[in-house]
Amino acid sequence: MKNVNFFIIALFALFSSVFSQHSQKKWFIRIGANDINYYPMNSPFKDFFQKKNNNINPPFSNIEFGHNITKNVGVYFNASLGMVDNNKWKIIDSFFVKLSPGIKFYLFPHHWFDPYLKLGGGYHQLDYQDRKLRISESKTYKLNKNNFFLLDGGLGINFWIVSNFGVNVQSNYNQVLVSKLNSKDYLNFWEHAIGVIYRFGENNSYYPDKDKNESKKIVEIKEKANLPSIIEKKEEKNIAENSDNTICCKKDDLDNDGILDTEDLCPNQFGLKKFKGCPDTDSDNIPDHEDVCPKKYGKKENKGCPNSVFFPPILFDLGKFTLSPSSLAIIDEIYEIMIKKLPNSKFYINGYTDSHGKHSYNKILSIKRANSVFEVLVSKGIDPSRMEIRKLGKSRNKGRLVEITIRKS
């Protein structure tokens with residue numbers, strides 16, 4: 001066991017030395033001691049703190065490795081082992097193993113007080129070979145098994161001492177799955193853990209990297225427009241604008257853009273001082289959170305888009321006006337833009353058909369298509385007064401689609 005402990009300490013030290021250079025973290029490792037509590041039969045909270053029901057194992061008996069997908073959601077893999085007593089079943093000094101992957105939901109990410117909920121499942125081993133559990137004077141359950149599947153759920157808290165190192169406590173309730181005891185909880189147990197947690201690694205998913213972001217801007221603009229000299233000047237100006245803002249501590253500026261988080265409107269994205277810390281990916285002088293087309297160089301009168309058509313077309317099958325799953329996904333994107341980036345704008349919903357068929361039929365079909373889109377947007381919460389349906393009929397250039405444009409007031 002001493003050799004195992006030494007190996008884990010060495011591994012932890014290696015992670016620290018390799019990844020400590022990054023201030024933005026997406027991985028974590030937690031090491032601690034576990035307490036397995038086989039509570040009295042059918043009473044999960046009875047004698048909860050009584051010593052005979054708790055089995056406290058030494059440090060390194062509970063190890064967890066994980067990855068934060070977004071700031072609020074992460075996945076993990078947990079391994080627990082130790083020697084336990086199960087007084088319910090009269091089991092003494094038996095080897096306990098639990099391996100469980102799962103998902104975490106962080107309630108207050110980026111705070112020193114970092115609570116989370118967790119839900120998982122996995123494999124559990126404890127020797128119940130030839131065991132009997134007396135339920136009453138006349139009733140006994142027999143079990144002859146030592147490998148089980150389980151579901152677990154609970155809560156935990158990270159207390160971050162510094163930005164990437166802290167103390168962790170957590171508690172899980174474990175539901176052991178046994179068909180014979182499917183309506184009982186005679187094998188269920190509590191598992192508590194206390195230890196230390198270390199997070200590391202660069203997270204591009206919600207902590208954009210400065211150098212990559214800036215280089216991406218240059219590449220995209222050079223592809224979209226012939227403005228090399230303007231772009232170079234913009235990049236130099238961006239660097240100069242941010243360089244004079246001195247930060248006392250990295251933890252006060254999560255995105256490293258030289259703007260304190262307390263003053264930064266976009267604290268998780270590298271941004272510019274003139275936009276209060278928000279980025280302008282396409283360098284069109286419109287910050288991304290106000291730009292309807294944040295990756296295309298556009299004009300201010302077009303809300304940051306290269307022309308007056310802001311939304312992708314919604315396509316239809318021949319002779320149909322029902323919406324496909326892919327069309328509904330496009331409408332979801334359009335709804336988000338209408339609500340968040342164009343909250344005060346009004347729109348035309350233009351229905352089109354192809355050039356085949358009678359004129360009268362195509363006019364009816366085009367209005368049905370436009371009305372299908374209109375009804376979905378209204379059901380999502382868009383005010384009907386903000387939208388006007390237009391039946392534009394057949395078009396050789398447009399085809400079988402609905403197009404949404406901004407209505408000039």
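Predicted model: local features only at pLDDT ≥ 70, side-chain atom pairs only at ≥ 80, totals over all residues.
Trainee: Which residues make the nonpolar surface patch?

Mentor: The general idea comes before the case: nonpolar side chains in soluble globular proteins tend to be buried together. Here, Phe105, Leu107, Phe108, Trp112, Phe113, Leu117, Leu119 and Leu155 make a nonpolar surface patch of about 810 Å².

Trainee: Is Leu119 buried or exposed?

Mentor: Leu119, found in strand 6, has a relative accessible area of 53% and therefore counts as exposed, the cut-off being over 50%.

Trainee: Which residues have the most contacts inside the largest nonpolar core?

Mentor: That core has 24 residues, and those with the most contacts inside it are Phe311, Ile314, Met338, Ile349, Val373, Leu377 and Ile404. Helix 4 (325-340), strand 11 (346-353), helix 5 (359-380) and strand 13 (401-407) each supply at least two of its residues. Apart from it lies another core, of 18 residues, including Phe96, Tyr128, Tyr141 and Tyr186.

Trainee: What is Ile314 in contact with, leaving aside its neighbours within four places in sequence?

Mentor: Its contacts include Leu323, Ile330, Ile334, Val373 and Ile404, and also Ser327 and Arg400.

Trainee: What is phi of Asp93, and what is phi of Asp130?

Mentor: In general, most residues other than glycine have a negative phi. Phi of Asp93, in strand 5 (residues 91-106), is near 50°, a positive value. Phi of Asp130, in strand 6 (residues 113-134), is near 55°, also positive. Asp130 is exposed, with a relative accessible area of 66%.

Conventions. Residues numbered from 1 in each chain as written. Heavy atoms only, no water. Core = buried A, V, L, I, M, F, W, Y, C linked by side-chain atoms within 4.5 Å. Buried < 20%, exposed > 50% of the residue type's maximum accessible area, 1.4 Å probe, protein only. Helix = DSSP H or I, 4+ residues; strand = E, 2+ residues; numbered from the N terminus. Contact = heavy atoms within 4.5 Å. Patch = residues over 30% accessible without salt bridge, like charges linked within 9 Å, V, L, I, M, F, W, Y side chains within 5 Å. Areas by Shrake-Rupley, 256 points an atom, 1.4 Å probe, with all protein chains shown as cover. Salt bridge = Lys/Arg side-chain N within 4 Å of Asp/Glu carboxyl O.
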